[in-house]
Amino acid sequence: MTESVTGIVVENATRNFAGQQVLKGVSLAVAAGEFVALVGPSGCGKSTLMRLIAGIDRPDSGRILINGRDVTTLRPAARDVAMVFQSYALYPHLTVAENIAVPLAMRRMSAAQRLPLLGRFWPGSQARRRGIREEVGSAALALGLGSLLDRRPAQLSGGQRQRVALARAIVRHPAAFLMDEPLSNLDAALRVHTRREIVEIHRRAGAATLYVTHDQAEALTMADRVAVMQAGQILQVASPRAIYADPDDLRVATFIGSPRINTLPAEIDGHGLARVAGFPTGVRLCGAERVTGAATLALRPEDLFLADGGIPATAEGLEFLGESLLLHARHVGTGTALVLRLPPELVPDLPPGSRVTLGFDPGRALLFDAQGRRLRDTAVVPEPSLV
Amino acid sequence: MSDAAILSAPARRRGASGEAITAWALGLPAVLAYLVLLLLPTLAAILLAFTDYELGAPAFAWIGLGNFTELLGDRGFAQALRNTIFYVAVVTPGSILGALAIALLIEAGTRGRTLFRAVFFLPVVSLTVAMASAWQYLLHPSIGPLNAVLRQVGIAGPAWLSSSDTVMWSLAAIGIWENLGFNLVLFLAGLTAIPRELYAAAEVDGAPSAWERFRLVTWPMLGPTTLFVLTITMIRSVRVFDTVKVLTQGGPNKASEVLLHAMYLEGFTYFRLGYSAAITLVFLAIVLALMWLQTRVLDKRVHYG
Ligand SMILES: Nc1ncnc2c1ncn2[C@@H]1O[C@H](COP(=O)(O)OP(=O)(O)OP(=O)(O)O)[C@@H](O)[C@H]1O
Ligand SMILES: [Mg+2]
C-alpha cells in the first residue's frame with residue numbers, strides 16, 4: 001500500500017461508535033490525479049471514512065497518509081485536504097466571494113489581519129487581500145459564479161450553492177479532494193450536468209479525489225476506479241468495467257448493476273461441474289479451487305436470452321424501457337426470480353404464466369462459493385448440454 | 001378546493017361572509033381580553049397623564065403637558081431614570097455574556113447537561129420576592145456569608161444594600177442572577193440548532209482555534225437568538241421592580257430608585273395618579289423604542305436572507 005507515495009492512503013483504519021465497529025479495518029489508496037468513487041448502501045461507513053481522511057474524526061487504529069506524510073493525528077487544517085459536504089455547509093452570513101475566500105484567509109492572514117474592520121489597516125493586509133481576491137475571482141470564474149459573488153447563500157439555487165462549495169474546495173489547490181454525496185440534493189437533470197463539471201474540475205486540479213455516492217451510475221460514469229463498501233469493509237476497488245463484469249464478491253455483484261444481477265443456487269459436483277437444480281450449466285471449476293457443494297451462479301440480465309432449450313422458467317411480466325425490454329420470470333426448479341434484458345424486437349408476446357426456456361453463454365456466468373467469494377478458475381465445458 | 005370551484009359566485013360570497021363571522025366569533029374572547037386588559041388601560045393611562053387627577057379627589061383638570069414639564073425638573077425622577085439605565089447597562093451584557101459563556105461550556109461538555117441547565121434555570125422559576133429574602137441574608141453587612149468570607153481575607157465588606165455606593169451594583173448582580181438562566185436556556189437551544197457540518201467545514205477550511213470557529217460559525221449562527229435574548233433582557237431589566245421594592249424601597253436616599261418603583265410610589269403612596277401615569281408613558285416609550293430597534297434595525301442584520 002505504501003508504495004503509492006502521492007495521494008491519499010488509508011491503512012487498516014478502524015472506528016468504533018458506542019461499541020459498534022463502523023469501520024472494520026479499511027485500506028484504500030487514491031493516487032494523485034486519480035478519481036475514486038466510494039459506493040455502498042446507506043450506513044455502511046462512507047461518511048465516517050471521509051471524516052477520518054479529512055481529520056474531522058480520528059481512527060481508533062490504523063494510519064492515514066496524504067502525499068506520503070502520516071497525518072493520522074494532525075488537525076484538518078494541517079492536512080491539505082478540502083471537502084465538499086452533502087449539505088454544502090456554506091457560511092450563511094458570508095457572501096459567495098467571502099465563502100470562497102475563507103480557506104485562503106484562514107491560512108494566509110494573521111488573526112489581526114482578519115479582524116472585520118481594523119484588519120485592513122494592519123501591515124501587509126492589503127496586498128494579501130488583493131491576492132486572495134484574485135484567486136477567489138478565478139475560482140469563481142471556473143465555476144461560472146462570476147455574477148453571483150455578492151449574493152448570500154440563501155439567495156442561490158441548490159446547484160449554485162453546490163458550485164460555491166466546490167469553488168471553496170478548489171480555491172487553494174489541495175492535495176486531496178473529498179466529496180461526500182455532493183450531488184444528492186440536486187434534481188436529476190442538473191445532476192447529470194454537474195457530474196461532467198466535477199470530472200472536468202478534477203482533471204484540471206489534478207488532486208487525489210475521493211467521491212462518495214449512493215448512485216452507482218454516478219460512480220461508474222465518473223470514476224477511474226470504484227470502491228465498493230459494505231458494513232464497514234471495502235469489498236473491491238477496481239475500474240468501473242472490472243467492478244461490473246468481474247466482481248470479486250457476490251455482494252459487489254449484487255450491489256452494482258440495475259436491475260440486479262440474477263443469482264441461482266448451484267451445486268458443484270466432484271468433477272467441478274456446476275449444476276442448477278440438477279441441470280448442468282456448462283461451467284466447470286478447475287485448478288486449485290477444489291470446492292464442492294453449494295455455490296451461486298450469477299448472470300447479468302443482458303447475459304440471459306430466450307432459447308429453445310435451457311433453464312425452464314415462467315414468464316411473469318414485461319417492462320418496456322425504450323431501447324430495451326425487461327422480462328421478469330421465475331425459475332421453475334428453485335422459484336428464484338429472474339430478470340432478462342432483451343432487445344424489444346426479439347420478444348414474442350408472452351402472457352404471464354407462459355413457459356419459456358432461457359439460455360446463456362457459460363463463458364459469461366459468474367460463479368461464487370457458499371461464502372460469496374468469487375470462483376475465478378472456471379472453464380466452459382466443451383459441449384454445453386444446456387443450450 | 002374542488003367543492004368551492006363548483007359553487008356559484010353568490011353562494012361563495014355568502015360562504016365567505018359566514019366564514020368571517022365564525023372567525024370573529026372565535027376570536028372574540030381574545031379581542032375582548034385585549035381591549036379590556038391592554039388597550040383600554042393604556043388609553044386610560046395616556047389620558048390620565050394629561051390631568052392632575054389624584055386618587056379620591058372629587059374633580060380633576062386637564063393640565064396639558066404639565067406633568068411632563070414637572071418630570072423634567074424632578075430630581076427624583078432623573079435619579080430613577082439614571083439608575084434604571086445603569087441597571088439595564090449592567091444586567092444586559094452581564095447576563096447575556098455570562099449565559100453565552102456557560103451555554104458554550106455546557107454544550108462542549110459531555111455530561112451533566114440537564115443538571116447544569118436545571119441548576120441555572122432555577123432562579124427563573126423561583127419567586128423573586130422569596131429569593132430576595134435569601135439575598136438580603138447573603139448580603140447582610142454583619143451576619144451575611146459574603147462579608148464573612150471577605151472578613152476571612154481581611155477585607156471589610158460594605159453594607160451592600162444600604163450604602164449608596166454599592167446598592168445599584170448589588171441589585172444589578174441579583175438581576176444578572178435572575179436573567180442568566182432564562183438566557184442560558186435560549187442560547188442552549190440556539191446552539192443545538194447549528195448544523196454540525198458547519199463546524200466540520202470550518203475545521204477543514206483551516207480555522208485554527210476554537211475562537212476562530214466561534215467567530216466564523218457560532219456567533220453569526222446565533223445572531224437571531226442573541227438578538228431575541230438582547231431585546232428580552234433589556235425589556236425585563238427596564239421593568240426591574242420587585243427586588244427594589246422588597247430589598248431597598250428605592251433607598252438609601254433614592255440611591256436605588258428606579259422607574260417602576262418611582263411610578264409605584266407616586267401612584268400608590270402619594271396617590272398622584274396623573275403624575276404616575278406620565279412616568280408610565282415614559283416607561284412605555286422606552287420599551288417601544290427597544291422593540292422598534294429590534295424589528296427595524298437589528299433584525300435585518302442577523303437574518304441572512
Ligand atoms: N458520531 C456517531 N456516533 C454514533 N454512531 C455513528 C456516528 N457517526 C456515524 N455513526 C454510525 O456509523 C454508521 C455509518 O455511518 P456513516 O455516516 O458513515 O454512513 P454512510 O455510509 O455515510 O451512510 P449514508 O449513505 O446514509 O450517508 C451508521 O450506522 C451510523 O449510525
Ligand atoms: Mg454519509
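The numbered points below go through the model part by part.

1. Basis of the note. This is a predicted model, in which local features need pLDDT of at least 70 and side-chain atom pairs count only at pLDDT 80 or more, whereas totals for chains, interfaces and linings use all residues. Residues are numbered from 1 along each chain as its sequence is written, chains are lettered from A and ligands numbered from 1 in the order in which they are written, and side-chain values use heavy atoms, with hydrogens and water left out.

2. Domains of chain A. Chain A is divided into domain 1, covering 2–245, and domain 2, covering 261–386, with bounds that come from an automatic or database domain assignment. The C-alpha centres of these two domains of chain A lie 42 Å apart.

3. Extent of the interface. Taking contact as heavy atoms within 4.5 Å, 30 residues of chain A touch 19 residues of chain B. The area buried between chain A and chain B is about 2000 Å², and carbon and sulfur atoms give 60% of it; buried area here is the accessible area (1.4 Å probe) that two parts lose on being put together, summed over both. A:Tyr91, A:His93 and A:Met106 supply 28% of the area that chain A buries against chain B, more than any other three residues.

4. The side chains of A:Arg168 and B:Asp205 form a salt bridge, at 3.5 Å from N to O. Four residue pairs, with both residues at pLDDT 80 or more, are in polar contact across the interface of chain A and chain B; the term means a pair of N or O atoms within 3.5 Å, where within protein one must be able to donate a hydrogen and the other to accept it, and residues adjacent in sequence count only if both atoms are side-chain atoms.

5. Make-up of the chain A side. The elements giving two or more residues to the side of chain A that touches chain B are strand S6 (81–84), helix H2 (96–108) and helix H3 (111–114) of chain A; helices (H or I, at least four residues) and strands (E, at least two) are DSSP runs, numbered from the N terminus. H2(A) gives the most to this side, with four residues.

6. Ligand 1. The residues around ligand 1, meaning those with a heavy atom within 4 Å of it, include A:Phe17, A:Val22, A:Lys46 and A:His214. One oxygen–polar atom pair places an oxygen atom of ligand 1 at 3.0 Å from a polar backbone atom of A:Gly45. For side-chain N or O atoms, an oxygen atom of ligand 1 is 2.5 Å from A:Thr48, and an oxygen atom of ligand 1 is 3.3 Å from A:Glu181.

7. A salt bridge within chain A. Over all chains the count comes to 21 salt bridges. In one of them, the side chains of A:Asp60 and A:Arg15 meet at 3.4 Å, N to O. This pair links distant parts of the chain, 45 residues apart, with A:Asp60 in the loop between helix H1 (46–54) and strand S4 (61–66) of chain A and A:Arg15 in strand S1 (residues 8–17) of chain A.

8. Backbone points to inspect. The peptide bond from A:Ser258 to A:Pro259 is cis, with omega near -5 degrees, and A:Pro259 is found in the loop between helix H9 (250–255) and strand S11 (262–268) of chain A. A:Asn67 has a positive phi of about 50 degrees although it is not a glycine.

Key:
Salt bridge = Lys/Arg side-chain N within 4 Å of Asp/Glu carboxyl O.
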